[in-house]
Structures are given as structure tokens and as C-alpha cells.
Amino acid sequence: MEIDPFIFRLSIFILSIFIGYYVVWSVTPSLHTPLMSVTNAISSVIIVGAIIAGLAGNSESIFNTSSIFGFLAISLAAINIFGGFLVTQRMLQMYKKKKKVK
Amino acid sequence: MSANLSAIFYLISGVLFILALRGLSSPETSRQGNLFGIIGMVIAITVTFLSIGNFSIGFFYVFFFLLIGGSIGAFIAYKIPMTAMPELVAGFHSLVGLAAVFVAISAFLNPEAFNLGSSGNIKLGSLIEMSIGAVVGAITFSGSIIAFLKLQGIMSGAPITFKGQHPLNALILFSIIVLTYLLCSTQSSHFFWILLAVSFLIGFLLIVPIGGADMPVVISMLNSYSGWAAAGIGFTLENSALIITGALVGSSGAILSYIMCKGMNRSFFNVILGGFGATEQSGASGSKEQRPVKNGNAEDAAFLMKNASSVIIVPGYGMAVAQAQHALREMVDTLKKNDIKVSYAIHPVAGRMPGHMNVLLAEANVPYDEVFELEEINNDFANADVAFVIGANDVTNPAAKTDPQSPIYGMPVLDVEKCKSVLFVKRSLSPGYAGIDNDLFYKENTLMLFADAKKMTEEITKNL
């Protein structure tokens, strides 16, 4: 009997939760704010679904209800991707080793 | 591009996201981690384009909307002051939630495009996954909007409670399950829209009763939700990058909520059920009596610190409100010139989000190796000469250790009272968020400095 592909995805999901658990516990508390902003950015990989949705309209009508929601989702996710990574970058720049004040 | 090849690339971007979080284990590797995250995102987006293949006019629109969103995001990222980080993160969460809802709507209306069956005849498994993604996404969206409004001060930070709140919430949660069942058995779009509306409503109702200072928990919790929403959509789209990321973000947010709850010695349910602060205040105000405090000025504070050999600084949300972090750093620089050892003590729930104070201090160029967590530094208070408490209150309250009647009893606190002398910068004697008096104010060795945190630190620097 063949195994439903859903089971494989579920396995990826469960194992990733464990990876997340151990990786996040090792994050130093002083970087918890950048952690939140970067998780924000990466969870916007949902843009993958938005792009598929946006391109689902046929060539005669690019805009149908379904694709409009896709395009909107692209913009929302893009705000998060650019905003999230850049603001994280900005914060992490501030954590550079500084020369001691004499 | 073949489906197998793109699946492998999605897996690679998932791995890069794991490395992005791994990098945050130390400030040295964190920037590299962020770079991994960006590469992972570029790979995921590129592969999606390539796998769709037929380059139509639609691509133009995809880039157009990508560019609009991207420029807004970049603009916000450069403009936002570090003190507003909690609002920003709450706002970003709401966008992830809404994007998840939109993708789910899109998939529901046009399942062929996602290979999920045909309209009105969507595969059962996909429909369930889609509903979960949409429901969690909607809750994330409306919950984050409320969190954003509360943090921004547009909406009062006070918990809003009303009679029958919990039964109502329970009823709505139950109706979500019923509606999902009805949606799956009838495939009717009516149920889909009602389900979305009800989910938006419950997100709103869940966050409204939670008070302002519980925001660290709320933000972490919504962070977690945004992850689960992404994972739900990931299952629908059969996309491993989304599933991996969703799981990572989901567990990350959950761990942060746990750390925050522990920092307040409260159970997760206690926070979620809300109303903290509102109920306590009535009891505390009855027993209020005028007790004498020692009132000082900048000169006294400067004198005390000049004669100290070690000073520990305890920053709190008040420092963020007054934007005093730069003034504080200048004061510390002057202290260091006088060979006074200075370190910073940060309570896990100081500020309005996890790590809030660390970012503000980093912004003010405070080296991160002078900044310590509660467990690392708590024993040092006994040996320090001066504790300088700026904008913090409840996290220093000794009642948490001594008074079993106190609502914050059992919460880990900084042992500020063990210092030889304590300087308390505060605008007034008003109790902190928990609505309880702080015994520290009335101690023999405490000097109260009633002023705006920024002005006071500037004045002290002048007097040093």
C-alpha cells in the first residue's frame, strides 16, 4: 500500500517543530527582538502561494476575483519581506562589537 | 522546471531559514544568519516563477505589486524608530495573517490553479488545511491590529472586559469548528465567508481583554499564530518551504510566549483570559496611605554615583517612552571616565516585547557585553554601590519575594534593594502596571528622582 504524500508533509512539519524548538532555545535573549522580526520576514514566504494565485488568471482576464486577492497578498507579503529583513539588518548592525569607551 | 526540482529548491530555502534562526545564537553570527534568510527567500520566489513557466503579462503585475509592497516595507524599515519596534512587529504580524487569508480565499475561489480539484469539489484534505490556514490567519490579523492599536496608544492599554466574555469566546470557537465541518461537507462558499468573519471577530475579542504590559506575551503569541497560519497554507500548497518555515516560526513564537510568561510567573491561560491589572487596582487603592519617601535631585544622584565604584542600571519601558537611551549612554560614558564599573540588568519582561531593552541599548551604542540578563546579574546587586532604576517598576518590587498576598508574588524580580543605595527615576509615585505599590520607594536607602527620564539623566551627566 502506498503512503499518502500528506504523511510525508506531516513528517516534515513535526520534525521542523523540533528543529525550531532547539534552534530557538539557543537564541541569545538579547537578540529576541531581531528573532521576532526575522521570523516575521521568513513567514512571508507565503508569497509563494500569492504568486501562484496572482498568475492564475487566464490570458484574457488577468484580473479575476481570485487573482486580485493573489496580487494583494503579494504586496502584503512583500512589505513584510523587505521590511522584516531590512529592519532586522538595521538592528543587527547595532550589535556590532564596539570599541570600548576610554 | 520540474516539480521535483522545485521541491528540492524549496527544501534548500527551508534549510536556509533554519540557518537564519541559528545565526541568532550570537550577535557575531547573526548578520550572516540574516543573509541566509534573504538568500532563502530569493530562492523560494525565483523557483516559484520558474515553476509556473509560461511568462505572460501576469508577471508584469506580479513584479508591480511586489515592488509596491517592497518599497513600502523598505521605507518603513529605514524610518521606524527603535522605540516603536513592538508596534512594527505587531503590524507586520497582521500583514502575514491577512496575506494567509487572501491566499486561502484565492485558493478557494480558483482551486484549479493550485491543483486542489475544481471549484465546488475541492479535495477534502486541502479544504481542511485551507480552513485552518484561513482561520488562524484571520485571528492573527485582527488580534495583531488590536495589539498594534494598544501599543501605539490609539487604543487604551487597559484591559477591556465585559460580562459573559469567556462564554461568548467559547461559543465562537465552537462555532468555528461547526462551520469548518459544514464547509467541508457542503463546499458552500457561504460557510467559507461566515467562517472568515467569525475568525476575524474572535481574534479581536481574544486580544481586547489583555492589558498593555502583557503585550510581550501577546506579540509572541501572535508571532506563533502567524507561523501556524503559514504552515496551514503550506499544507494546502504542498510546499515544503512554507511548512518548514511555518513550523519554525510557530515554535519560535511559542517559546517566546513561554519565556515571557515565566518572566511574570503567570500561566499562559492566565494571560490569555486577560483582565489582569483591572481587578487588582480596586483592592490596592483602598489601602493606600501616604508614606514618606526621600526625594532627591540630579545633584544628589550625581554625588552618589561619583562616589560609587560600581553602578547597575535597570532600564524599563519608561526609558523607551522617554527616549532616554542615548542620554543614559552619555551618563554612563561619564561614569566610566571616572573609573566606575557600570553594567546593565535586564528583566525578561522589561519593555513591550522580548528583547526590547537590548535593542534600545544597542541603538545607543552600549556594548552588548555590558548588558546582562536577570539570572546572570542578580547576585551582583549585593556588591554594587548604586542601582539606577530608569523607567522600570514592578520588575524591582521586593513584594514579589516577600508578600504572598501580592498579585505579583513569585515573579522573578531584580534584587535591586540589596544595593547600598537605589536611585529611582520616575515621573510620579503612581503604582506600576500591576497596580501595586512598590515598597522599594519607601526604603531607607532609596532616593526618588521625580522627573522625565531623559531630562533627569541629562542633568545628572551635567552634575557629574
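Modeller: Ser30(B) sits in helix H2 (residues 27–52) of chain B; helices here are DSSP runs (H or I, at least four residues), numbered from the N terminus. This is a predicted model, in which local features need pLDDT of at least 70 and side-chain atom pairs count only at pLDDT 80 or more, while totals for chains, interfaces and linings use all residues. Residues are numbered from 1 along each chain as its sequence is written, chains are lettered from A in the order in which they are written, and side-chain values use heavy atoms, with hydrogens and water left out.

Biologist: Is Ser30(B) buried or exposed?

Modeller: Buried means under 20% relative accessible area (1.4 Å probe, protein chains only). Ser30(B) has 1%, so it is buried.

Biologist: Which residues is Ser30(B) in contact with, leaving aside its neighbours within four places in sequence?

Modeller: Contact means heavy atoms within 4.5 Å. For Ser30(B) they are Leu31(A), Leu92(A), Gly23(B) and Leu24(B). The side chain of Ser30(B) also reaches the backbone oxygen of Pro27(B), at 2.7 Å.

Biologist: What is the volume of the largest cavity?

Modeller: A cavity is a set of points, on a 1 Å grid over the protein atoms alone, where a 1.4 Å probe fits but cannot get out; lining residues have an atom within 4 Å of a point. The volume is about 40 Å³. Among the residues lining this cavity are Ser30(A), Tyr95(A) and Asn358(B). Helix H15 (residues 356–363) of chain B gives the most to the lining, with three residues.

Definitions and conventions
Helices (H or I, at least four residues) and strands (E, at least two) are DSSP runs, numbered from the N terminus. Buried means under 20% relative accessible area, exposed over 50%, partly exposed in between (1.4 Å probe, protein chains only). A polar contact is a pair of N or O atoms within 3.5 Å; within protein, one must be able to donate a hydrogen and the other to accept it, and residues adjacent in sequence count only if both atoms are side-chain atoms. On a 1 Å grid over the protein atoms alone, a cavity is a set of points where a 1.4 Å probe fits but cannot get out, and a pocket is an open set with protein on both sides within 12 Å along at least five of seven lines; lining residues have an atom within 4 Å of a point. Grid points are joined across faces, edges and corners, and a volume is the space filled by probe spheres set on the points.
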